[in-house]
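Here is a short report on a two-chain model.

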Amino acid sequence: MSLDIDIEHTRGTFRLAARFTAQPGVTALFGRSGSGKSSLVDIVAGLIKPQRGKVAVDGQTLVDTTRGVFVPKHRRRIGYVFQDSRLFPHLSVRQNLLYGRWFSRSDGGVAGDFNSIVELLGIGPLTERRPDSLSGGEKQRVAIGRALLAHPRLLLMDEPLASLDESRRAEILPYIERLRDGTGVPILYVSHSVAEVARLATTVVILSEGKVTAVGPVLDILPLAEASDGGSALEAVVAGHDETFQLTTLASAAGELQVPKLAAAVGANVRAYIRSRDVMLSLQPPQDISALNVLAGEVVQIVRSGAQADVRLDCSGATLMARLTTKSVQRLALAPGRPVFAVIKSVSFERS
Amino acid sequence: MTEEEWTAVRLSLLVAVTATAASLPFGIAVAWLLARGRFWGKGLVDTVVHLPLIMPPVVTGYLLLILFGKRGPIGSFLDQAFGIVFAFRWTGAALACAVMGFPLMVRAIRLSIEAVDTRLENAAGTLGANPLWVFATITLPLCLPGVIAGAILSFAKAMGEFGATITFVSNIPGETQTLPSAIYTLTQIPGGDAGALRLTAVSIAISMAALLGSEMLARRVGARHVAA
């Protein structure tokens, strides 16, 4: 699958001008609210007709304003999971799930049959119920199943977790991961949550004020995201568990990390997400401190904004971000090339 | 009740049911156009649909006579092409009632279509349903209470229609004499008061039954949407 987008669209004073190509896997459209993410997804789905440009999936042109091509939404075979699940209130869960099947010829569709998708999403017990009797998390799982059962060649997910609380999100994320790894349907995933993107995405497209500012693999791009809770992701492998202190040791390119015990087998791949405000820098190897994790690295770049500075480190090839005050930057005389030690106060883990 | 009174009651029911059933598909189509359509001249269509509501019924009836009468442009065409005649027939009474009830029907259906969330219709579109299927499977079931309300309003209007009917198809017992016409006739003849009162009671009973029936239907449909 490939998705090629090159469009321009102006609504009021907001101008969206985006151009990128998405590869298989999960492509995250990442940016603050109002950056144009949802409009872009609506354009791909056919809910908005762009004023200028092209959209193509697998080489099939869906929109080309110069040639007057505009494939209507019901002929695109692009699944859409909305932020508000939009289940049909007058139909049962089963009828909702099967709605798209009336219209799709099952040739070439990637997703499997009813039973396997119901099982994948854990919605078997819900099929005879009505949508308004479901919890928010259940509704979203049904909405995902409904989109998949229409045999889409591309799945759009517009902040599918935004309307849910933290525990519901944790309930759904594993299902989306199974979807990514199990069905092979490529996904365009809209989010403004770094943690979600770090956990799910293969490729990241960063949108800012209607423009694409960066495209690339998640580990390279995420540190560039100008999100308020900036951070970086590290690929790691579970190296061992310490039963006495309930800790897990991870091996990453940047060095070893000790974290609260993870429910993952030795050898499992995990993706550690480290927020830049949880990283302190020291010029000497720190001693007698409570933090367990100290990684050696070198300053690559310093970006100042107001009283804050985002320091980008290279730790044996892995990127780590630290957020300091500009005063500290000056006091430590930090500059590109200077060796430092990063002290990590806490790590959040996203399994991958 | 005399045989003549029964005839008027039966005829009125036939006229009202025919008028409602025949205009319902058009009412739904026009309501959908006004609720969801974007086209030039929408304001004009809206005005024309509402005309029977604001014009004197006699004027509407006279216009129908000019257009659908035996020598009217539409009436003569329908007569020659399909053999359909409206003038001074019960079908003409049904046409007059349908026209008079149309604004009420369209208004109720239009409001309920506007209340259907377009985001649900968009979702159905992304699942592969073309606009016609979206309407049949999403919009129509969700606006059904409004469709029922619109049909009942049209039926009630048809049961009571007098001015346009009597102008268009006159007051012929057994052919075009509906309940209101029969009541009017009875009030014009000496000793007709008792018959007029009996028909008035029947008229009230039918109106109330229609209202109760619509309430029950609407509740059942509503319950199906919300229940379980």
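## Domains of chain A

The C-alpha centres of domain 1 of chain A and domain 2 of chain A are 33 Å apart. Domain 1 covers 3–224 and domain 2 covers 231–351; these bounds come from an automatic or database domain assignment. Their contact involves 8 residues of domain 1 of chain A and 11 residues of domain 2 of chain A. Two residues are in contact if their C-beta atoms, placed from the backbone, lie within 7 Å.

On the domain 1 side, α6 (194–200) and α7 (218–221) of chain A each give two or more residues. α6(A) gives the most, with 4 residues. This side has 7 nonpolar residues, no polar and 1 charged.

## Basis of the model

This is a predicted model: local features need pLDDT of at least 70, side-chain atom pairs count only at pLDDT 80 or more, and totals for chains, interfaces and linings use all residues. Residues are numbered from 1 along each chain as its sequence is written, while chains are lettered from A and ligands numbered from 1 in the order in which they are written.

## Chain A against chain B

Chain A brings 22 residues into contact with 17 residues of chain B. Strand β7 (residues 78–81) of chain A gives the most to the chain A side, with 3 residues. That side holds 10 nonpolar, 6 polar and 6 charged residues.

## Chain B

Chain B has 11 helices and 0 strands. Helices (H or I, at least four residues) and strands (E, at least two) are DSSP runs, numbered from the N terminus. The C-alpha trace of chain B spans about 65 × 45 × 30 Å along its principal axes.

Methods. Nonpolar A, V, L, I, M, F, W, Y, C, P; charged D, E, K, R; others polar.
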